[in-house]
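Student: I would like to work through this structure by asking about one feature at a time. May we begin with its charged side chains?

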Amino acid sequence: MAITRAHKEEMVAEYHRQIDESTGFVMAEYNALSVPQMQDLRRQTRQAEGEVFVIKNTLFRLVLEERDLAVPEGLMTGSMIVAFCHKDVPSLAKLFRNAARNFEADRLVVRGGLLEGRIFGQDEVVAVSNLPTREELLSMVLRTINAPATQTAGVVASGIRQVLNVVKAYADKL
């Protein structure tokens with residue numbers, strides 16, 4: 001059944017809106033996923049503050065080309081889904097990579113995505129999914145900020161402890 005021109009224009013507008021509102025996206029090819037498997041993937045993506053769309057490859061390629069994003073050959077083949085991330089692309093890439101491992105072979109293949117205005121391919125998915133998440137980065141920053149204060153408190157406390165030990169030893173001697 002053919003899609004009307006008006007519906008195609010709505011889809012293109014939705015793709016543009018999602019790209020504008022997101023920090024990036026992850027693309028994957030899917031084959032023979034059951035409805036519960038797809039619903040579970042959508043639920044996990046929503047929990048990671050993302051949104052999954054089954055896309056039309058030609059329309060999505062058109063949207064990317066309108067945004068001057070070069071699409072590598074072979075990136076968008078077969079039945080594709082795109083997960084737009086509204087928070088943290090590395091955590092979404094990690095989620096999709098783990099989901100692909102849990103399905104049978106070739107049921108879900110992560111093809112690439114967009115991060116920081118640059119399209120990455122299948123080879124770079126592993127590198128992107130290994131990037132620290134936003135929460136991990138924040139904890140690293142807080143540890144770095146907190147380390148000098150913790151060390152200073154330890155030095156001050158050890159000086160006080162030494163004085164108290166001397167006073168206690170003197171009191172015990174008397």
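Student: In this predicted model, with which residue does Glu29 form a salt bridge?

Tutor: The model is predicted, and the pairing is read from its side-chain atoms. A salt bridge requires a side-chain nitrogen of Lys or Arg within 4 Å of a carboxyl oxygen of Asp or Glu. The closest N and O atoms of this pair are 2.2 Å apart, and the partner of Glu29 is Arg111.

Student: Which strands does this pair link?

Tutor: The pair links distant parts of the chain, for its two residues are 82 residues apart. Glu29 lies in strand β1 and Arg111 lies in strand β4.

Student: Is Glu29 buried or exposed, and what of Arg111?

Tutor: Buried means under 20% relative accessible area. Glu29 has a relative accessibility of 11%, so Glu29 counts as buried. Arg111 has 17%, and therefore Arg111 also counts as buried.

Student: How far apart are the closest N and O atoms of Glu124 and Arg118?

Tutor: Glu124 counts as partly exposed at 30% relative accessibility, and Arg118 is partly exposed with 49%. Glu124 forms a salt bridge with Arg118, and the closest N and O atoms are apart by 2.9 Å.

Student: Which element gives the most residues to the largest nonpolar core?

Tutor: This core has 23 residues, and those that touch the most other members are Leu41, Ile81, Leu92, Phe96 and Leu108. At least two residues each come from β1 (24–30), α2 (35–47), β3 (80–85), α4 (89–102), β4 (108–115) and α5 (125–129). The element that gives the most, with six residues, is α4.

Student: How many residues does the other core have?

Tutor: The other core lies apart from the largest one. Its members include Phe60, Met80, Leu114 and Ile119, and its size is 21 residues.

Student: Which elements cover the buried residues of α4?

Tutor: The buried residues of α4 are Val89, Pro90, Leu92, Ala93, Leu95, Phe96 and Ala99. What covers these buried residues includes β1, α2, β2 (50–55), β3, β4 and α5.

Student: Is Asn57 buried or exposed?

Tutor: Asn57 belongs to helix α3, residues 57–66. Leaving aside residues up to four places away in sequence, Asn57 touches Met76, Thr77, Gly78 and Met80. Its relative accessibility is 18%, and the cut-off for burial is under 20%, so Asn57 counts as buried.

Student: What distance separates the C-alpha atoms of Ala70 and Ile119?

Tutor: Ala70 is placed in the loop between α3 and β3. With 66% relative accessibility, Ala70 counts as exposed. Ala70 and Ile119 are 49 residues apart along the chain, and their C-alpha atoms are separated by 7.3 Å.

Student: Which residues form a nonpolar patch on the surface with Leu142?

Tutor: Leu142 is in helix α6, residues 134–173. Exposed means over 50% relative accessible area, and Leu142, with 55%, is therefore exposed. The patch has about 310 Å² of accessible area together, and the residues that form it with Leu142 are Val141 and Ile145.

Definitions and conventions. Residues numbered from 1 in each chain as written. Predicted model: local features only at pLDDT ≥ 70, side-chain atom pairs only at ≥ 80, totals over all residues. Heavy atoms only, no water. Patch = residues over 30% accessible without salt bridge, like charges linked within 9 Å, V, L, I, M, F, W, Y side chains within 5 Å. Areas by Shrake-Rupley, 256 points an atom, 1.4 Å probe, with all protein chains shown as cover. Helix = DSSP H or I, 4+ residues; strand = E, 2+ residues; numbered from the N terminus. Buried < 20%, exposed > 50% of the residue type's maximum accessible area, 1.4 Å probe, protein only. Core = buried A, V, L, I, M, F, W, Y, C linked by side-chain atoms within 4.5 Å. Contact = heavy atoms within 4.5 Å.
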